[in-house]
Amino acid sequence: MTFASNSFLSRSAPSGWLTALRMPPTVALSFAVVAVVIAWSLVPSLFSVFSPVAGVPAEKLLGPGISHWFGTDHLGRDVYTRVVYGTASSVSSALVAVVIGVAAGGFIGLLAGFLGGWVDVVFARLVDVLLAIPKFLLAVIVVTAIGFETINAAIATGVSAVAIFARVARSEVIKTRQASFVEASFLLGGSRWYILWRHILPNASRSVLPLAVLQFGESILVIASLAFLGYGDPPPASDWGLLISIGKDYLKWPWLVYAPAFVTILTVLSVNRISRWLRKTD
C-alpha cells in the first residue's frame, strides 16, 4: 500500500510541475517579446551590423525593405538599428524607476502598516498628497528640477510611482498582520522585527511583484513620453520617445514614427499581459 502511494506521488509530481508551468499562448508570446527586448538592451551589436549614429546620406529616407527592416531616417541611419540601440536606455531607465518605486514605496507601506498609530497617519497623509498630483505631472516637475537627462527621467518616474507601491504594501501588511499564523508566531515568543521579516514581508510581497511588472511597462511609456517632450538625452541618442519625436517632423515618411511606436506599444502590452497572468497565478 505504501509502495503504491509512493509510486503514485512520484508519477503525479512531474505532472504537477507541468501544470504549474503551463501558460496561455498569449503569455508565452509576451515572454518571448520581452526576452527579445532584453536581449536587444544587453547585446545590441548582435542584432544589427549598422551604426546607430553614422548614416549614409545617399540612403536617406528609404522605405522598409530587406536591407533596412524599418527604413532609414533623414540622415541615412538605419531605423531598426537605432531602435535596437535605444532599447538599453529605455529598459534600464524603466528598471531604475521600478526599483525606486518598490524600495521607497514598499518601505513606507511596510512601516505604516506594521507600526500603525501616528506613523501610519503621517505616511498615509504623505501618500495622499502624492496621489493627488497626476503622476506624469509629478514626473515633469521632478525632471525639471534635477535636469534633462534620461536617468533623471527615470528617477522622476520612480518618484511618481512611490505612492502606488506604498498604498498596496500597506494594505497587504495590514491584512497579513491580522492572520492567525502571525498571532501564533507572536505567542511563541517571536519579536516584532522577526515577525516582520520572517512572515509579513514575504507574504506582502506577493501582491507587489505583479504591480512591479505592471509599473515596468508604465515606466517605459512615461519615460518615452518625457523623451518625446525633450526631457531625456539629446540627439544622437536613440531613446524610443526621442525617435518618435524626431519622426513626427517627417510626416511623408511615416515609418520614422511607426517603427519605434510599434516596438514601444508591443513591449508595454506584453509586460501588461505578463502582469495580469502573475496576478492570477498562485
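This dialogue walks through a predicted model, from its overall make-up to a few single residues.

Reader: Which residues does the UniProt annotation "transmembrane region" cover?

Author: Such an annotation comes from a record, and it can be set beside the coordinates. The unreviewed UniProt entry gives the "transmembrane region" as residues 21–43, 94–124, 136–166, 208–231 and 251–271. Taking two of these spans in turn, residues 94–124 are 97% helix and 0% strand, with end C-alpha atoms 26 Å apart, while residues 208–231 are 88% helix and 0% strand, with end C-alpha atoms 29 Å apart.

Reader: What share of the residues counts as buried, and what does the accessible surface of the protein come to?

Author: Burial is judged by relative accessible area, and a residue counts as buried when that value is under 20%. Of the 282 residues of this protein, 43% count as buried. The accessible surface of the protein comes to about 15300 Å², and 72% of that surface belongs to carbon and sulfur atoms. As for contacts between residues at least 6 apart in sequence, 68% of them join residues at least 24 apart.

Reader: Which residues of the largest nonpolar core touch the most other members?

Author: A core is read by asking who belongs to it and which elements supply its members. The largest nonpolar core has 30 residues, and those touching the most other members are Trp40, Val83, Phe165, Phe216, Ile220 and Trp240. Two or more residues come to this core from each of α2 (25–42), α3 (79–115), α6 (150–177), α8 (192–228), α9 (240–247) and α10 (255–280).

Reader: How many aromatic pairs does the structure hold, and why is the pair of Trp69 and Tyr80 called tilted?

Author: For a pair of rings one looks at the distance between centres and at the angle between planes. The structure holds five aromatic pairs. In the pair of Trp69 and Tyr80 the ring centres are 5.0 Å apart and the planes stand at 50°, so the pair is tilted. Because Trp69 lies in the loop between α2 and α3 and Tyr80 in helix α3, this pair ties together parts that are 11 residues apart in sequence. Trp69 counts as exposed, at 54% relative accessibility, whereas Tyr80 is buried, with a relative accessible area of 8%. Trp40, Trp69, Phe70 and Tyr80 form one aromatic cluster.

Reader: Is Ser48 buried or exposed, and which residues does Ser48 touch?

Author: Ser48 sits in the loop between α2 and α3 and is buried, with a relative accessible area of 10%. Not counting residues up to four places away in sequence, Ser48 touches Asp78, Tyr80 and Thr81. The side chains of Ser48 and Thr81 are joined by a polar contact of 2.4 Å, and the side chain of Ser48 also reaches the backbone nitrogen of Phe50 at 3.3 Å.

Reader: Where is Ser30 placed, and which backbone oxygen lies 2.8 Å from a polar atom of its side chain?

Author: Ser30 is in helix α2 and is buried, with a relative accessible area of 7%. A polar atom of the Ser30 side chain lies 2.8 Å from the backbone oxygen of Thr26. Beyond residues up to four places away in sequence, Ser30 touches Ser270, Arg273 and Ile274.

Reader: Which peptide bond is cis, and what is phi of Leu61 near?

Author: The peptide bond from Pro235 to Pro236 is cis, with omega near 10°, and Pro236 is found in the loop between α8 and α9. Phi of Leu61 is near 55°, a positive value in a residue other than glycine. Leu61 lies in the loop between α2 and α3 and counts as buried, at 18% relative accessibility.

Technical notes. Residues are numbered from 1 along each chain as its sequence is written. This is a predicted model: local features need pLDDT of at least 70, side-chain atom pairs count only at pLDDT 80 or more; totals for chains, interfaces and linings use all residues. Side-chain values use heavy atoms; hydrogens and water are left out. UniProt positions are given in the numbering used here, feature names are shortened, and annotations may be inferred rather than shown by experiment. Helices (H or I, at least four residues) and strands (E, at least two) are DSSP runs, numbered from the N terminus. A nonpolar core is a set of buried Ala, Val, Leu, Ile, Met, Phe, Trp, Tyr and Cys residues joined through side-chain atoms within 4.5 Å. Buried means under 20% relative accessible area, exposed over 50%, partly exposed in between (1.4 Å probe, protein chains only). Rings of Phe, Tyr and Trp (its six-membered ring) pair if their centres lie within 6.5 Å; planes under 30 degrees apart count as stacked, over 60 as edge-to-face and the rest as tilted. A polar contact is a pair of N or O atoms within 3.5 Å; within protein, one must be able to donate a hydrogen and the other to accept it, and residues adjacent in sequence count only if both atoms are side-chain atoms. Contact means heavy atoms within 4.5 Å. Accessible areas come from the Shrake-Rupley method with a 1.4 Å probe; for residues, only the protein chains shown count as cover.
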